[in-house]
Amino acid sequence: MESLSWKLTCVCGLVYLLAAAVQGTFLDTYQAQLSELHEQMKTEIGKRFRENSELNGRMIEQSLIPLLAEGTVGIRDANQDLLEQLASIRPNETNSECWATIDALIYLFTVFPQWDLQDCTYGGYSQWMREDGRLRFYPTAHELHRASSEVINAIVGILSEDNVVANGEDVESRLDGSLDHFNEVSIEGLQDLDQELEKHNEREDAIQEYMRECIDRTIATSREDVAYTIRYAEYYCLEESNK
């Protein structure tokens with residue numbers, strides 16, 4: 001976007017210099033029209049970039065963070081259940097190797113779900129949000145940038161020719177054509193960006209579904225770890241204590 005803005009500024013400056021040298025020619029009008037289109041496109045693209053950022057921010061704040069909070073609570077509840085169940089069956093003052101193994105399992109099964117939750121977050125970002133940037137809004141914005149740059153390069157080529165003013169009728173016709181094309185590119189490109197913004201809800205639904213499934217799996221695994229630890233303690237450690 002900055003590159004395109006720089007090119008447009010140079011073109012407007014070039015037209016201005018030519019028009020200043022030959023006041024009252026078609027270049028005066030062309031300079032005003034090109035400058036107006038330049039400002040309009042910068043404003044409209046900037047507005048859509050802000051809207052896309054706001055949509056992403058709202059999705060993270062209102063959809064994804066609450067999901068992660070639910071996951072954190074679910075994991076914490078599983079850990080609390082583990083500690084309470086073990087406390088109800090663990091003999092007092094036990095320092096055996098078996099119960100040391102249980103303590104190690106408690107530590108591992110406290111850390112693992114946290115890592116899994118982090119993986120859910122990273123997976124959601126890498127699989128959906130990063131792809132969202134590659135496939136949805138930004139590629140369309142870059143295509144608008146590319147198409148606009150091609151038009152600007154064509155305009156620069158016309159204005160760089162010899163005898164621009166002397167060949168006024170031909171140059172004016174070609175510049176009018178380029179100006180119309182620039183206008184078409186801007187309108188179509190902005191419409192494409194609007195369509196991509198409308199697809200944001202689809203992407204939001206997809207990332208929510210992915211995150212929900214990943215977090216549910218993490219909580220379920222944490223519950224399975226609780227059950228495994230309790231079974232291990234009952235089968236091995238209590239048997240050992242009763243001998």
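Which residues form one aromatic cluster? In this predicted model, the cluster consists of Phe109, Phe112, Trp115, Tyr228, Tyr232, Tyr235 and Tyr236.

The secondary structure of the chain amounts to six helices and zero strands, giving the pattern α-α-α-α-α-α when read along the sequence. Of the 243 residues in the chain, 37% are buried. Among contacts between residues at least 6 apart in sequence, 85% join residues that are at least 24 apart.

A search of the whole structure returned nine aromatic pairs. In one of them, Phe109 and Tyr228 are arranged edge-to-face, with 6.4 Å from centre to centre and 80° between the planes. This pair links distant parts of the chain, since Phe109 belongs to helix H3 and Tyr228 to helix H6, 119 residues apart. Phe109 counts as buried because its relative accessibility is 11%, under the 20% cut-off. Tyr228, at 38% relative accessibility, counts as partly exposed. A further pair, formed by Phe112 and Trp115, is tilted, with 5.6 Å between centres and 45° between the planes. Both Phe112 and Trp115 lie in helix H3, three residues apart, or about one turn of the helix. Phe112 is partly exposed at 33% relative accessibility, and Trp115 is likewise classed as partly exposed, with a relative accessible area of 47%. Phe109, Phe112, Trp115 and Tyr228 are among the members of the aromatic cluster.

Thr229 lies in helix H6 and is buried, with a relative accessible area of 0%. Beyond its neighbours within four places in sequence, Thr229 is in contact with Leu82, Leu86, Ile102, Leu105 and Phe109. Asn79 is found in helix H2 and also counts as buried, because its relative accessibility is 15%. With neighbours within four places in sequence again left aside, the contacts of Asn79 are Phe109, Thr110 and Ser222.

The nonpolar interior was considered next. In soluble globular proteins, nonpolar side chains tend to be buried together. The largest nonpolar core has 22 residues, and those with the most contacts inside it are Tyr30, Leu144, Ile155, Leu175, Phe182 and Leu193. At least two residues of this core are supplied by each of H2, helix H4 (137-159) and helix H5 (168-198). Another core, of 13 residues, lies apart from it and includes Cys98, Ile102, Phe109 and Cys237. Phe109 is therefore a buried residue that belongs both to this core of 13 residues and to the aromatic cluster. Ile102, also in the core of 13 residues, is one of the contacts of Thr229.

Within the largest core, Leu193 is one of the residues with the most contacts. Apart from neighbours within four places in sequence, Leu193 is in contact with Arg48, Phe137, Thr140, Ala141 and Leu144. Leu144 is itself listed among the residues with the most contacts inside the largest core.

Lys42 is found in helix H2. At 29% relative accessibility, Lys42 counts as partly exposed. The C-alpha atom of Lys42 is separated by 9.9 Å from that of Ser186, although the two residues are 144 apart along the chain.

A search of the whole structure for cavities of 30 Å³ or more found one. The volume of the largest cavity is about 50 Å³. Its lining is made up of Asn56, Met59, Trp128, Met129, Asp132, His200, Arg203, Glu204 and Ile207. Helix H2 (26-89), helix H3 (97-135) and helix H6 (200-242) each supply at least two residues of this lining, and the largest share, four residues, comes from H6. By residue type, the lining of the largest cavity divides into four nonpolar, two polar and three charged residues.

Conventions: Residues numbered from 1 in each chain as written. Predicted model: local features only at pLDDT ≥ 70, side-chain atom pairs only at ≥ 80, totals over all residues. Heavy atoms only, no water. 1 Å grid on protein atoms, 1.4 Å probe; cavity = no way out; pocket = protein on both sides within 12 Å on 5 of 7 lines; lining within 4 Å. Points joined across faces, edges and corners; volume = space filled by probe spheres on them. Nonpolar A, V, L, I, M, F, W, Y, C, P; charged D, E, K, R; others polar. Core = buried A, V, L, I, M, F, W, Y, C linked by side-chain atoms within 4.5 Å. Buried < 20%, exposed > 50% of the residue type's maximum accessible area, 1.4 Å probe, protein only. Contact = heavy atoms within 4.5 Å. Phe/Tyr/Trp six-rings, centres within 6.5 Å; stacked < 30°, edge-to-face > 60°.
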